[in-house]
Amino acid sequence: MGPLVKMGEIATGWDFVIAFVIGIVFGIAMEQAGFSSSKKITGWIFGYDFTVIRVFFTAAIVAMIGLVVMQYVGWINFDELFINPTYLWSIVVGGSMMGAGFAIGGFCPGTSVVAVAIGKKDAMVFFVGILIGVFIFSEGYPIWEELYNGSAYGQLLISDVLGVSKGVWAFIFIIFAFGTFWGTAAIRKKYAHKELDYNN
Amino acid sequence: MEERKDYAPFEMKHFYGVVVFLLIILIGMLSYNSNAPHYVKNPSESLVHIIDSAGLLHATQMAEILYLEDSLYQIVDLRKPKFFLNNHIEGSINIPIGRILDKEFLHVLNQEEKITILIGSRSSESVIAYMMLADEGYANIRVVAFSVDFVMSNIVEKYAPLSGRYDEERTVYDYARVISETGGSTISSETVKSNAKKIAPVKKKKKAEEEEGGC
Amino acid sequence: MEQKKYMNPYLAGFIMGLVLLAAFYFSAEGLGGSGAPKRIVVSAVEQIAPNHVYNNGFYNKYSKDGEKNPLSNWVVFEVLGVLAGGFLSGAFSGRLKLVTEHSPKITSKKRLWMALIGGVLFGIGSQFGRGCTSGAALSGMAVFSVAGYLTLIAIFGSAFIVGKFVKKLWI
Amino acid sequence: MAQNKQIKVYVFLTAVFMVLGIIMIFIPDKEVEKEVSPHVVIKIYNHGNAYYTTDQVAKLIMDGNPILQLVDVRSEEEFSKFSLKNAINIPLEELIDKDKKGNYVWRDYLKPEKKITVFYSNGDMTAAKAWTLATRLRFENIFILDGGLNNWIETIIKPVEPQATTATPEDYNVYQFRKAASMYFGGATANVAPTSVKSTVKKTVVKKKKDVEEEGGC
């Protein structure tokens, strides 16, 4: 009955080993998908490469279907999973800053690590930037502590908010995702020429 | 116009590969029998078991065991390692209560040869560990109504098992009288013995506190 | 070494979905990203100014008053794994090359400055959002959390808008 | 040529996921586990927020804070001899009684939103028994009075003067608070208004115990 470590199925000592192995496969999947190149990552903004959207939504769908089936079959106890708590304004502010950082920097923390791994100097600078950013946030914490802790709605589930079962939301998301897949394929034809060749 | 793509096409063999991979995992999961700790006693059995304080060891019995160095018993100290290090009952094993159900200690706690005595920084700590183990059908577990400090001061250093806090649940004071002595108080005993039985149906309640985890 | 083509995004997405599922199944939490830099900063500051850590609400939360090293945490080992995985995959596909990737329209110096600014913005933003694209958005979405979808909309929405202003950085 | 072969495969994939999606609709959410698993009960206890100290409870009572809900788990006879102010008596035997419909009688009674329930007995062993059963059965916001009534007498009613040598200013503050509390509970004639007592209990009592954000998020 998952989550295995927390439910005592596996000794806690294994936790970090599992984390490392899962990290490796995650790193491989990201690098193979092309997340080590900022050009590919920001492609969706300008329409010439929707890899990020496709990989992201497919991963979400697969995980969602997996969770719905496993919680029904009893292989996983959904209540013990970590659900990101909703702090509305903190997310809106944080999200928009991250979006800006995404468009300007061309990476996100996970992908920058992958890019660093294959030798991208801009990714190394990006990661240093993240450290500086975290430092700035921590030092100024007392200033925006209310914003950080405010508008808390606890661990809200979207299926509860919409009053539908998780399976129904999974279905809705699948429809939405495949809509974007086919839609982006069409858009890509229009903007493919925009892609530059970073052949340095 | 052949669209220039920098990634490989998705071929059917990828699909078949994934399906086979999932089947292997499925077989693995089906053959995996969960041996996580789970309750053997339902709540009312657990209540009956704990009400007549089965498995409770009195201070005199503990004193006897310690003095006779009776190898049939093993003492498990539930406190955090840092407390255990600065003083503990000689020969006792330190299993912090947070890890009492971990697999590493299953063979220590659930076995036939030795009788395990659970003791901690206070009786509430040991009784909670005791209930969790007893409710899972662990064999030969005993619990005490006093703390390690009590044992060190009242049994190990000097033999006076029945003085001091040997049973934390005993009424040490006549509460009403003590309070009235400190100032002629009105004994507050408006008992609200509510028999309000109109209970709203059990809503699906999410656990409010944030668990450890995250990215 | 001739560079291999990237993997098909849907296949890569499928693998990532399974990895995410495994993360939840084994350790009850999703695939984090910004948790590691946060803990690096906390443990660094803790070495230099321990008492500062004590009275600053944010550090304190993750330093657990010295009992546990902030770096001994699930997400740190996961990100180390990502580093190793990235390297393996880069080697396999012949993409290992010490280079600054930048659009021909801008100099590599400018690109590095932009990466730094982007990183700082992301560092601050990821703390407010309690997670980054993979930690809060992807893992959050997979576990049906409203926060996950909110973060996704906020990040992708603002990236799209800001993207319009920084067009020449990329195309 | 390869182009429309690729499209065929994508169409196939879309169909597969549409079918999966439709199956998803018919999979209901699993009913919440009736009981909290042993591992999680231990984890809750081990996180250190299972107790309320006598100082904190005294402060809540003196402030007349409605959030506090005291539950005496001793027998009725002991309860009638002495009980804390506004405490209700649920002997341990009756704690998990069920009504006809199979719901736990006391679970909802003790769980009006945003209440803090503190079990107490002479020591804290019986209270801990009640706490364990209640936690297992998903009672909400339940705590144990640290040390029980014995400790209540020793700390609140008859506070001990901290020795000058080892005492920190903090100890003196706590001692002042306890002396005032002792007068309040001792019902001394000079009715010391509790508000004048500057609360020196360092952890703000009213905030629910679980204020420290669990290690989570990144």
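Trainee: Is Asn84(A) buried or exposed?
Mentor: Asn84(A) is buried, with a relative accessible area of 6%. Please keep in mind that this is a predicted model.

Trainee: Why does 6% count as buried?
Mentor: Buried means under 20% relative accessible area, and Asn84(A) has 6%, so it is classed as buried.

Trainee: Where in chain A does Asn84(A) lie?
Mentor: Asn84(A) is found in the loop between α4 (51-73) and β1 (86-87) of chain A.

Trainee: And which residues is Asn84(A) in contact with?
Mentor: Leaving aside neighbours within four places in sequence, Asn84(A) is in contact with Gln155(A) and with several residues of chain C, including Gly135(C), Ser139(C) and Val143(C).

Trainee: That brings me to the two chains. How many residues does the contact take from chain A and from chain C?
Mentor: Chain A contributes 131 residues and chain C contributes 121 residues. The area buried between them is about 11000 Å², and carbon and sulfur atoms give 77% of that area.

Trainee: How many salt bridges are there between chain A and chain C?
Mentor: The count is three. One salt bridge joins the side chains of Glu31(A) and Arg95(C), at 2.8 Å from N to O. There are also 34 residue pairs in polar contact across the interface of chain A and chain C, both residues being at pLDDT 80 or more.

Trainee: Which helix gives the largest share of the side of chain A that touches chain C?
Mentor: Helix α7 (residues 121-139) of chain A does, with 18 residues. By class, the side of chain A that touches chain C has 87 nonpolar, 30 polar and 14 charged residues.

Trainee: Changing topic, how many helices and strands are there in chain D?
Mentor: Chain D has eight helices and five strands. From the N terminus on, their order is α-α-β-α-β-α-β-α-β-α-β-α-α. Of the 218 residues in chain D, 59% are buried.

Trainee: How many residues of helix α3 of chain D are buried?
Mentor: Nine of the nine residues in α3 (residues 54-62) of chain D are buried. Among them are Asp55(D) and Lys59(D), as well as Val57(D) and Leu60(D).

Trainee: What do the buried residues of α3(D) pack against?
Mentor: They pack against strands β1 (51-52), β2 (68-72), β4 (116-120) and β5 (142-145), and against helices α7 (148-157) and α8 (169-186), of chain D. Just after α3(D), Gly64(D) takes a positive phi of about 60°.

Trainee: What about Trp131(D), buried or exposed?
Mentor: Trp131(D) is buried, with a relative accessible area of 1%. This residue belongs to helix α6 (residues 125-136) of chain D.

Trainee: What does Trp131(D) touch?
Mentor: Not counting residues up to four places away in sequence, Trp131(D) touches Ile128(B) and several residues of chain D, including Val41(D), Tyr45(D) and Phe119(D). The C-alpha atoms of Trp131(D) and Phe119(D), twelve residues apart along the chain, are separated by 7.1 Å.

Trainee: Finally, chain B. What is the order of the strands in its open sheet of five strands?
Mentor: The order is β1-β5-β4-β2-β3, with parallel pairing. The edge strands are β1 (56-57) and β3 (93-94) of chain B, each of which pairs on one side only.

Trainee: How many bridges join β4 to β5 in chain B?
Mentor: Three bridges join β4 (residues 115-119) to β5 (residues 141-144) of chain B. Thr116(B) stands opposite Ile141(B) in β5(B).

Notes. Residues are numbered from 1 along each chain as its sequence is written. Chains are lettered from A and ligands numbered from 1 in the order in which they are written. This is a predicted model: local features need pLDDT of at least 70, side-chain atom pairs count only at pLDDT 80 or more; totals for chains, interfaces and linings use all residues. Side-chain values use heavy atoms; hydrogens and water are left out. Two strands pair if DSSP finds at least two bridges between them. Helices (H or I, at least four residues) and strands (E, at least two) are DSSP runs, numbered from the N terminus. Buried means under 20% relative accessible area, exposed over 50%, partly exposed in between (1.4 Å probe, protein chains only). Contact means heavy atoms within 4.5 Å. Buried area is the accessible area (1.4 Å probe) that two parts lose on being put together, summed over both. A salt bridge is a side-chain nitrogen of Lys or Arg within 4 Å of a carboxyl oxygen of Asp or Glu. A polar contact is a pair of N or O atoms within 3.5 Å; within protein, one must be able to donate a hydrogen and the other to accept it, and residues adjacent in sequence count only if both atoms are side-chain atoms. Ala, Val, Leu, Ile, Met, Phe, Trp, Tyr, Cys and Pro count as nonpolar, Asp, Glu, Lys and Arg as charged, and the others, Gly among them, as polar.
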